[in-house]
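Welcome, and please open your viewer so that we can walk through this one together. Keep the selection tool handy.

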Number of protein chains: 2
Amino acid sequence: MKTGKEARLQIRKGKWSYPTSGIALGYTQANMVILPQKYAFDFFLFCHRNPKPCPILDVCEAGEYSPVLTTKDADIRKDLPKYRIYEHGILKEEVSDITNIWNDDMVTFLIGCSFTFENALIKEGIEIRHITENKNVPMYITNIECIPAGVFNGPMVVSMRPIKKELVEKAAEITGRYPKVHGRPVHIGNPSEIGINDIDCPDFGERLTINEDEVPVFWACGVTPQAALMRVKPEIAITHSPGHMFIMDIKDEELINL
Amino acid sequence: MKTGKEARLQIRKGKWSYPTSGIALGYTQANMVILPQKYAFDFFLFCHRNPKPCPILDVCEAGEYSPVLTTKDADIRKDLPKYRIYEHGILKEEVSDITNIWNDDMVTFLIGCSFTFENALIKEGIEIRHITENKNVPMYITNIECIPAGVFNGPMVVSMRPIKKELVEKAAEITGRYPKVHGRPVHIGNPSEIGINDIDCPDFGERLTINEDEVPVFWACGVTPQAALMRVKPEIAITHSPGHMFIMDIKDEELINL
């Protein structure tokens, strides 16, 4: 599975139902959110007003399942290995195909994912702790409020990666090249300054070892718009399952300075 | 009128009803489009899919008249020197205040304007012909189709500036720094390649002198989304009057590489 297209076809045929990290390397992977049309303008605006946690890569019209800007021949109803279906904000089911519940009222948003900048960091010799420890990245609800839009509001969620002191500026610079996948860190160092009381108790994901010569570095996280959405408790919402992303036809390198 | 705020207050008081070119220099000026809520998602998507002609700087919720990202204390119902009111795609009236026809169904879009990059070109010693000839910039309907979104579609409209051959690359590079105000040219040279049959007959604006040592250079133009909107013939739509822009609190320099 060397290209996004190859990967999507394998997934569509039911031959790959695992996390997508590391497959079709170099092709951009994205968070996905599907919601009823009546919430679509407010959600679009929420993302536009909060581009660091919610960088929009592509949006489909109601009923449309092929993202025209990035991945024209995809079928987002089948091309992700796992979906989560929420009713009134509560997880109801995890499935590998949503064709049977798809309808023409559904609007799809594809949002930048940290895989893009993690690959860039690794390429430049910066260790990504949750990968080496084989864990989920730790995520924290902060005291940084997003700019509200219509029915959507809430705090920014951040992900944390421990970085060696002497590499922090380099990591910030590298990720800053990718504004469409969260960009530069939103905070470096003292967790309590952004409302995180216990770095060892993430709100989502798993705790990581932070060594003495390392600093916790915090990036805006794509869980932010999902959390804002769930707070609204829409009658139905569908997302990718964590780590089971949508793989695009565009490449990470095309996102540099975009 | 040195700042955006000072300029807006003078305009709000009725003390400035002229074009805004050259006032509050350095502060970003924007195109404005107001439309009924039912068209808002499609229009947002049309702009997102066509960022060169339709670079969105700020969007207000229905009924909201202060743009939260760029110009929090503005009142877009009073802060532009002249507005155009369209009914079913037909210009009905030109007014200096829209408070009396404002309602909670109206959604406002603020879209980047070429004034920003023209100021940058002038600063770097590149002549802007329509300014020196005291004319409106010539604009042409091209054969480049925009990516449709919902009810919106149509050709890209471009503006043309004659540039000395040896300065064309420099002009392209300078304007490329400003992706949020149309960015690099969409075409350089032969007008017929983008469907322009007679460079001396622009579809909007006025013809300009093109000297022997000059090349016509074409940039995506903010008239594109207005033209797409008028084609839909909404019961009501309001725009700025040509040249009578909305002046923001953000500065042109903040838009570099944004």
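Do the copies meet through the same surface or through different ones, and why? They meet through the same surface, because 100% of the interface residues of chain B are also interface residues in chain A. Bear in mind as you look that this is a predicted model.

Start with both chains in view. Chain B superposes on chain A by a rotation of 180° with 0.0 Å of shift along the axis, at an RMSD of 0.0 Å. That is how a two-fold axis relates its copies. To find the axis from chain B, select B:Phe41, whose C-alpha is the nearest to it in that chain, at 2.5 Å.

Next, select residues 40–49 in both chains, which is helix α2 in each. The two helix axes come within 9 Å and cross at roughly 40°, so α2(A) and α2(B) are oblique to each other. The crossing is left-handed. Show side chains here: A:Ala40, A:Phe41, A:Phe44, A:Leu45 and A:His48 meet B:Ala40, B:Phe41, B:Phe44, B:Leu45 and B:His48.

Now move to the open sheet of chain A, where four antiparallel strands run in the order β6-β7-β9-β8. Its edges are β6 (139–145) and β8 (187–188) of chain A. Follow β6(A) to β7(A), residues 155–164: four bridges join this antiparallel pair. Here A:Ile141 faces A:Val157 in β7(A).

Helix α5 (168–176) of chain A touches β7, β8 and β9, with its direction at about 15° to that of β9(A). Helix α6 (223–232) of chain A touches β6 and β7, and makes about 155° with β7(A).

Note on methods: Residues numbered from 1 in each chain as written. Chains lettered and ligands numbered in written order. Predicted model: local features only at pLDDT ≥ 70, side-chain atom pairs only at ≥ 80, totals over all residues. Heavy atoms only, no water. Least-squares fit on C-alpha atoms with pLDDT ≥ 70 in both. Contact = heavy atoms within 4.5 Å. Axes fitted to C-alpha atoms, helices over the stretch in contact; angles between N-to-C directions. Parallel < 35°, antiparallel > 145°, perpendicular 65-115°, else oblique. Left-handed = near helix turned anticlockwise from the far one by under 90°. Pairing = 2+ DSSP bridges.
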